[in-house]
Amino acid sequence: MSHYRSAPILPGVAFITGGARGLGLAIAQSFAKEGARGVVLFDIQPSDTMAAARASVEQFLIPSGKCLTIHGDVTQESALEGAMETVVREFGRLDYAANFAGVVGPLGVTWETGVEEWRRVIEVNTVGVWLSMRAELRVMLKQEGIAGVETGRVEQKGAIVNCASVNSIQGGAGTTGYTASKHAVLGMTKSAALEARGEGVRVNCVSPGFLLTKLLEPAMKVAEGETTAKLTGDAWEMYERRQGRKASFEEVGDVVALLCSPRMSLVVGANLSIDNGFTINENPT
Ligand SMILES: NC(=O)c1ccc[n+]([C@@H]2O[C@H](COP(=O)([O-])OP(=O)(O)OC[C@H]3O[C@@H](n4cnc5c(N)ncnc54)[C@H](O)[C@@H]3O)[C@@H](O)[C@H]2O)c1
């Protein structure tokens, strides 16, 4: 008898906020590659971006698999509740969730930052993750785990991965809003993980390093009335040197998907760095 594990390790249904592009889309593709029968992309992007994202996931899906897009805002309770109704109506259950919708928010020193833009980054990155997690937990807690994926382990009814950041561990001048929002993601991940661990749902978060996604485009442009961009090419190169190399979106996608596997059964409330050693590197190179 062979002892190799060969069946798909993620045969269930995945829901990804911020799934229309960047890291969220890479995560959706990784779920498809690992055999998910359903992949749902929740985002505020326009319909053409959503359609392109869906097509890029479909190329990796198993023949009977299905990818759905749902247009919605993570700061709206009703949008997430509606999304969960759609997921359950379409697939009957929700097994894996990655909460990756996020914004950078205001970049600048505290004394020059307006309260409304500061509140907005907390609203999307923190309240949005909490609302997503709450909606997902309400579905996951009601179901049984998928039988036969990892025999002999505790039952996994569901797994949730929240998106933190290097800024959940470190700070950066000019990023009070973003840093506060990501520290909060880490805090709520720990507490929710303890609430849900006895109920068969694992909650964790990840902290990606530096990836040049569209998230950073506003920071790399020279804003009106300014002479340099907030985030210059030099600063970016310095981050990458400290990180050791450029990172690819797929490298983040795979970690998030695999973290949802029941093979990770003892990993609860963790903040997993996906940064090639950036955070543990005391040197700039
Ligand atoms: N790129 C990096 O270097 C990096 C590093 C660490 C953490 N992150 C985090 O990764 C996550 C994904 O960012 P990304 O880099 O892929 O950027 P991205 O801008 O390409 O993706 C973010 C997605 O979130 C969506 N979104 C934003 N606000 C939303 C809302 N209110 N409701 C629904 N969707 C919304 C956007 O439309 C977009 O598709 C973010 O939480 C970000 O903070 C990124």
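This is a predicted model: local features need pLDDT of at least 70, side-chain atom pairs count only at pLDDT 80 or more; totals for chains, interfaces and linings use all residues.

Biologist: Which residues make the contact?

Modeller: From α3, Glu77, Leu80, Glu81, Met84 and Val88. From α4, Leu131, Ser132, Ala135 and Val139. By class, this contact of α3 with α4 has six nonpolar residues, one polar and two charged.

Biologist: And α5? At what angle do α4 and α5 pack?

Modeller: About 15°, with axes 8 Å apart. Helix α5 covers residues 176-196. The two helices, α4 and α5, are therefore roughly parallel to each other. Their crossing is right-handed.

Biologist: Which residues of α4 meet α5?

Modeller: Trp118, Val121, Ile122, Asn125, Thr126, Val129, Trp130, Met133 and Leu137. On the α5 side they meet Gly177, Tyr178, Ala180, Ser181, Lys182, Ala184, Val185, Met188, Ala192 and Ala196.

Biologist: How many of the residues in the contact of α4 with α5 are charged?

Modeller: One. The others in the contact of α4 with α5 are 14 nonpolar and four polar.

Biologist: Other end of the chain now. How do α1 and α2 cross?

Modeller: At roughly 30°, and their axes come within 9 Å. So α1 and α2 are roughly parallel to each other too. α1 passes α2 in a right-handed crossing.

Biologist: Who is touching whom there?

Modeller: Leu25, Ala28, Gln29 and Ala32 of α1 make the contact with Ala53, Ser56 and Val57 of α2. The contact of α1 with α2 has five nonpolar residues, two polar and no charged ones.

Biologist: Switching to the sheet. What's the strand order?

Modeller: β3-β2-β1-β4-β5-β6-β7. It is an open sheet of seven strands, with parallel pairing.

Biologist: Which strands stand at the edges?

Modeller: β3, residues 66-71, and β7, residues 271-274. Each has a single partner strand, so one side of each is left without a neighbour in the sheet.

Biologist: By how much are neighbouring strands turned against each other?

Modeller: By 20° on average, with direction ignored.

Biologist: Zoom in on one pair. How many bridges join β4 to β5?

Modeller: Four. β4 is residues 96-99, β5 is residues 158-163, and the two run parallel. Ala98 stands opposite Val161 in β5.

Biologist: Last topic, the ligand. Which residues come nearest to it?

Modeller: Gly18, Gly22, Gly102, Thr213 and Leu215, out of 27 residues around the ligand.

Biologist: Which helix gives the most to that shell?

Modeller: α1, with three residues. α1 (22-33) and α4 (115-140) each supply at least two residues of the shell.

Biologist: Quick recap of α4, then. Which partners should I keep in my notes?

Modeller: α4 packs with α3 at about 30°. It packs with α5 at about 15°. And α4 supplies at least two residues of the ligand's shell.

Conventions. Residues are numbered from 1 along each chain as its sequence is written. A residue is near a molecule or strand if its C-beta atom, placed from the backbone, lies within 6 Å of it. Axes are lines fitted to C-alpha atoms, for helices over the stretch in contact, and angles run from 0 to 180 degrees between N-to-C directions. Two residues are in contact if their C-beta atoms, placed from the backbone, lie within 7 Å. Ala, Val, Leu, Ile, Met, Phe, Trp, Tyr, Cys and Pro count as nonpolar, Asp, Glu, Lys and Arg as charged, and the others, Gly among them, as polar. Two strands pair if DSSP finds at least two bridges between them. Angles under 35 degrees count as roughly parallel, over 145 as roughly antiparallel, 65 to 115 as roughly perpendicular and the rest as oblique. A crossing is left-handed if the near helix is turned anticlockwise from the far one by less than a right angle, and right-handed if clockwise.
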